[in-house]
Amino acid sequence: MAIKTSTDLIIAPAHALGVTADVDYALRTRVARVKLPADAAAGTQTEHLLFLSEAAIIINSCNIVPQVDSAFNATNYAVLSLQTGNAAAGALATALGARSTQATSLVTNTATAVASGLNAAVAANQRVVLNVTKVNTGVAVNILLVEVTYQLA
């Protein structure tokens, strides 16, 4: 296959393997990367807007990469949840996935799955958020890079 356009660069590996379904996947898949600031204090609950879905999408996974360690604590810990909700302010849907610092530390520059293996449909005009809640006094969550992989529905 002769490469003539930037789209050809994306689909050429799929053509080389002879798997045309990979072409569709490559053209429909997107990755949103958002760098979030550290929590102000250990006891603070925060909803971080990652993006608004302009069209219907299917979320496949969410990973976080801490920029600084966050130690685990069995009593006072943070729960990071990937959630969706209406674009207008309002209640969030049940978490698509969650990760806590109750039993596992968040290690600097190490990707940690918040949700993986998903096939979660999200309608247009929904907000996709990382919700950080604290148990007891919680722990401060340091700077995070959040990566959400999704496909256009």
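Leaving aside neighbours within four places in sequence, Ile58 is in contact with Asn119, Ala120, Ala121, Thr149, Tyr150, Gln151 and Ala153.

Colleague: Thanks, let's stay there for a moment. Where is Ile58 placed?

Modeller: Ile58 has its place in strand S3. Please keep in mind that this is a predicted model.

Colleague: Why is Ile58 called partly exposed?

Modeller: Its relative accessible area is 21%. Buried means under 20% and exposed means over 50%, with partly exposed in between, so at 21% Ile58 is partly exposed.

Colleague: How far apart are Ile58 and Thr29 in sequence and in space?

Modeller: They are 29 residues apart in sequence, and their C-alpha atoms are 9.3 Å apart in space.

Colleague: Let's step back to the whole chain. What does its secondary structure come to?

Modeller: The chain has two helices and nine strands. Along the sequence, the pattern reads α-α-β-β-β-β-β-β-β-β-β. Of the 153 residues in the chain, 39% are buried. Among contacts with a separation of 6 or more, 80% are between residues 24 or more positions apart.

Colleague: Which residues touch the most other members of the largest nonpolar core?

Modeller: Leu50, Ile59, Leu80, Leu82 and Val146 do, in a core of 27 residues. The elements that give two or more residues to this core are S1 (29-36), S2 (46-53), S3 (57-66), S4, S6, S7 (120-122), S8 (126-135) and S9 (144-152).

Colleague: What does Leu82 touch, beyond residues up to four places away in sequence?

Modeller: The list for Leu82 is Leu50, Ile59, Cys62, Ala95, Leu96, Gly97, Val114, Ala115, Val128, Val129, Leu130 and Val148.

Colleague: Ala115 is on that list. What makes Ala115 count as buried?

Modeller: Ala115 has 4% relative accessibility. The cut-off for buried is under 20%, so Ala115 counts as buried. Ala115 lies in strand S6, residues 112-115, and beyond its neighbours within four places it is in contact with Ser61, Cys62, Leu82, Leu96 and Gly97.

Colleague: Now Gln83, in strand S4 (residues 77-86). Is Gln83 buried or exposed, and how do you know?

Modeller: Gln83 has a relative accessible area of 11%. That is under 20%, so Gln83 is buried.

Colleague: What makes the 3.0 Å between the side chains of Gln83 and Asn131 a polar contact?

Modeller: A polar contact is a pair of N or O atoms within 3.5 Å, one able to donate a hydrogen and the other to accept it. The side chains of Gln83 and Asn131 are joined at 3.0 Å, so the distance falls within the cut-off. Gln83 also touches other residues, including Leu92, Thr94, Arg127 and Val129.

Colleague: And Thr101, in the loop between strand S5 (97-100) and S6: why is Thr101 called buried?

Modeller: Its relative accessible area is 0%, which is under 20%, so Thr101 is buried although it sits in a loop. A polar atom of the Thr101 side chain lies 2.9 Å from the backbone nitrogen of Ala78. Thr101 is also in contact with residues including Ala71, Phe72, Tyr77, Leu106 and Val139.

Colleague: Why are Asn125 and Asn136 called exposed?

Modeller: Asn125 has a relative accessible area of 51% and Asn136 has 56%. Exposed means over 50%, so Asn125 is exposed and so is Asn136.

Colleague: Last one: which residues line the largest cavity?

Modeller: Leu36, Pro37, Asp39, His48, Val132, Val141 and Leu144 line it. By class, that makes five nonpolar, one polar and one charged. The space in this cavity is about 30 Å³.

Note on methods
Residues numbered from 1 in each chain as written. Predicted model: local features only at pLDDT ≥ 70, side-chain atom pairs only at ≥ 80, totals over all residues. Heavy atoms only, no water. Helix = DSSP H or I, 4+ residues; strand = E, 2+ residues; numbered from the N terminus. Buried < 20%, exposed > 50% of the residue type's maximum accessible area, 1.4 Å probe, protein only. Contact = heavy atoms within 4.5 Å. 1 Å grid on protein atoms, 1.4 Å probe; cavity = no way out; pocket = protein on both sides within 12 Å on 5 of 7 lines; lining within 4 Å. Points joined across faces, edges and corners; volume = space filled by probe spheres on them. Nonpolar A, V, L, I, M, F, W, Y, C, P; charged D, E, K, R; others polar. Core = buried A, V, L, I, M, F, W, Y, C linked by side-chain atoms within 4.5 Å.
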